[in-house]
2 protein chains.
Amino acid sequence: MDEIQKNLLEQVAGLHEMPAGAYNIRADGKSVDRATTAHIDIVTKTDKSGIDIIIKPGTRKESVHIPVVLSQSGLTEMVYNDFYVGDDCDVTIVAGCGIHNSGDSDSRHDGLHSFYIGKNSHVKYVEKHYGTGGGRGGRIMNPETKVELGENSFMEMETVQIKGVDSTKRFTGAKLADGARLVVTEKLMTHGSQTAETSFQVDLEGAESSANIISRSVARDDSRQIFYSKINGNNRCKGHSECDGIIMDSAKISAVPEITANHLDAELIHEAAIGKIAGDQIIKLMTLGLTEAEAEAQIVNGFLK
Amino acid sequence: MDEIQKNLLEQVAGLHEMPAGAYNIRADGKSVDRATTAHIDIVTKTDKSGIDIIIKPGTRKESVHIPVVLSQSGLTEMVYNDFYVGDDCDVTIVAGCGIHNSGDSDSRHDGLHSFYIGKNSHVKYVEKHYGTGGGRGGRIMNPETKVELGENSFMEMETVQIKGVDSTKRFTGAKLADGARLVVTEKLMTHGSQTAETSFQVDLEGAESSANIISRSVARDDSRQIFYSKINGNNRCKGHSECDGIIMDSAKISAVPEITANHLDAELIHEAAIGKIAGDQIIKLMTLGLTEAEAEAQIVNGFLK
């Protein structure tokens, strides 16, 4: 990997060097490095582009890193990664994609990540998207995540996209079995003329299942964001969705949540708020000696932290 | 009017006798009584079914009642009523529709009410929908309301549909000029196998315009409700939408709000909550001597009051 790729890797996976545990690093459409452990296997798919990540039942305190970097302008790829997580696991999975585009053609990474999670497991899943490069070609990422969460399992999902992605269409779908729990935290910032569309669909199928979807976003300049979130309560369950958006400059944000109670014991709540940074917050920080721009930056950083 | 029609009239317009002020009473597709005042004129449309209600500038503390009753089974009507409210008015408008259907054919009333409201006016608009009759024919009402609200005018709209309407598709649209304010309170109860769809679209076009849409609904038995609410903030404005739904028995409720900030100074908030009556509320009332059914009825009445 060259310096540009190493920088992308650091941004999307926090990696300065090869990580401990299992990993698969993909650069410009090819696997460039891989490690497996006694409990975690990674197998290249033979029918299409992508890998199977197989985590044995009972695997605990282990991690898998599968970052993707693209630095060749004009590269377009569609990758399918399937995660099979056995019963009684406690694992951290770090994915993410960094694109550096210094050319005139669009670079694009589409990824479908499917999770098949057994019973009584805890999966922490972190996904970051990042773009750099001064070329006129677009940096496009369309991540799709589908989760089947087994009985009494818990998935925490953190997605972050705060810089440099010109266009993104994100979909996250989840089906929850009895007692399963899903917490999603999404952080999104768009600037320039970027567009971002985020869509969630959560089916609370199991008794005592619960989901909490939290989205925080900042739209600057002329950027445009649309947030969709569907929660279906099909059993005794709890669902909560929250979308807080800050608009700046000439940006636009839409929030379109949808909650449907199909069961007497479904409890569903949605909240959304869109607005600019409160003037008194800025003034307060300016009285402490910050410029208006510094005050805004500090508030935005705090909001997305 | 016969006894059935008089009962419908009382339910939808709270009228025991002819009201004071201007009124137009429509029964089974025909105007049966009308009164105008020095400031309020009512004119039958010549090109289609319906009336024009013309309220002169400066009209204050006056009211208009325009209830509709249908007791002939199988009657279907589409009525267009246009309200022209001048500047500096303060008026109350009571509309509503009652259907009694004892036959096997569907009875249906579709109404489009358009409001053209001038500057600095206050309009209180009350609309009730009610159905009775043991026939197998459906009682169907599809009210549509479109409002253009002039500078610094204020419209309060209360809609109630709590009994006997088998199917309803409701649409309320409003465009607000500078300083205009809209408050909508909707109360809805469905039972049996009824379906209700409610849809709002509010365009906050004017500087300092504001809208508050509050919907409270109860769905019983096998009934199904869908609530849509779109608020577009196109200027310095405030928008708030709130949907609280109680589900009982095997009922289903969906809430699909949509808020879009197209302007830096738009502040938009949406809240929705769907669930059944909290068990501890029922237990508390039962310890005071009520049966479970009485406790439920009391909570539902309080919620829709």
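**View 1. Surroundings of Ser241(B) in the predicted model.** Leaving aside residues up to four places away in sequence, Ser241(B) touches Ile213(B), Ser229(B), Ile231(B), Ile269(B), His270(B) and Glu271(B). Ser241(B) belongs to strand β17 of chain B, which covers residues 237–247. With a relative accessible area of 0%, Ser241(B) is buried, because buried is taken as under 20%. The side chains of Ser241(B) and Ser229(B) are joined by a polar contact of 3.3 Å.

**View 2. The axis relating chains A and B.** Within chain A, the C-alpha nearest the axis belongs to Glu271(A), at 2.3 Å from it. Of the interface residues of chain A, 100% are also interface residues in chain B, so the copies meet through the same surface.

**View 3. The annotated span of chain A, residues 85–303.** An unreviewed UniProt entry places the feature "domain: SUF system FeS cluster assembly SufBD core" at these residues. The span is 63% strand and 10% helix, and its end C-alpha atoms lie 33 Å apart.

**View 4. Confidence along chain A.** Chain A has a mean pLDDT of 91, and 99% of its residues reach 70 or more. Confidence in chain A is lowest in helix α1 (residues 3–13), at a mean of 79, and highest in strand β4 (residues 51–55), at 97.

Terms used: Residues numbered from 1 in each chain as written. Chains lettered and ligands numbered in written order. Predicted model: local features only at pLDDT ≥ 70, side-chain atom pairs only at ≥ 80, totals over all residues. Heavy atoms only, no water. Least-squares fit on C-alpha atoms with pLDDT ≥ 70 in both. Contact = heavy atoms within 4.5 Å. pLDDT = per-residue confidence, 0-100. Helix = DSSP H or I, 4+ residues; strand = E, 2+ residues; numbered from the N terminus. UniProt positions renumbered as here; feature names shortened; annotations may be inferred. Buried < 20%, exposed > 50% of the residue type's maximum accessible area, 1.4 Å probe, protein only. Polar contact = N/O pair within 3.5 Å; in protein donor to acceptor, adjacent residues only side chain to side chain.
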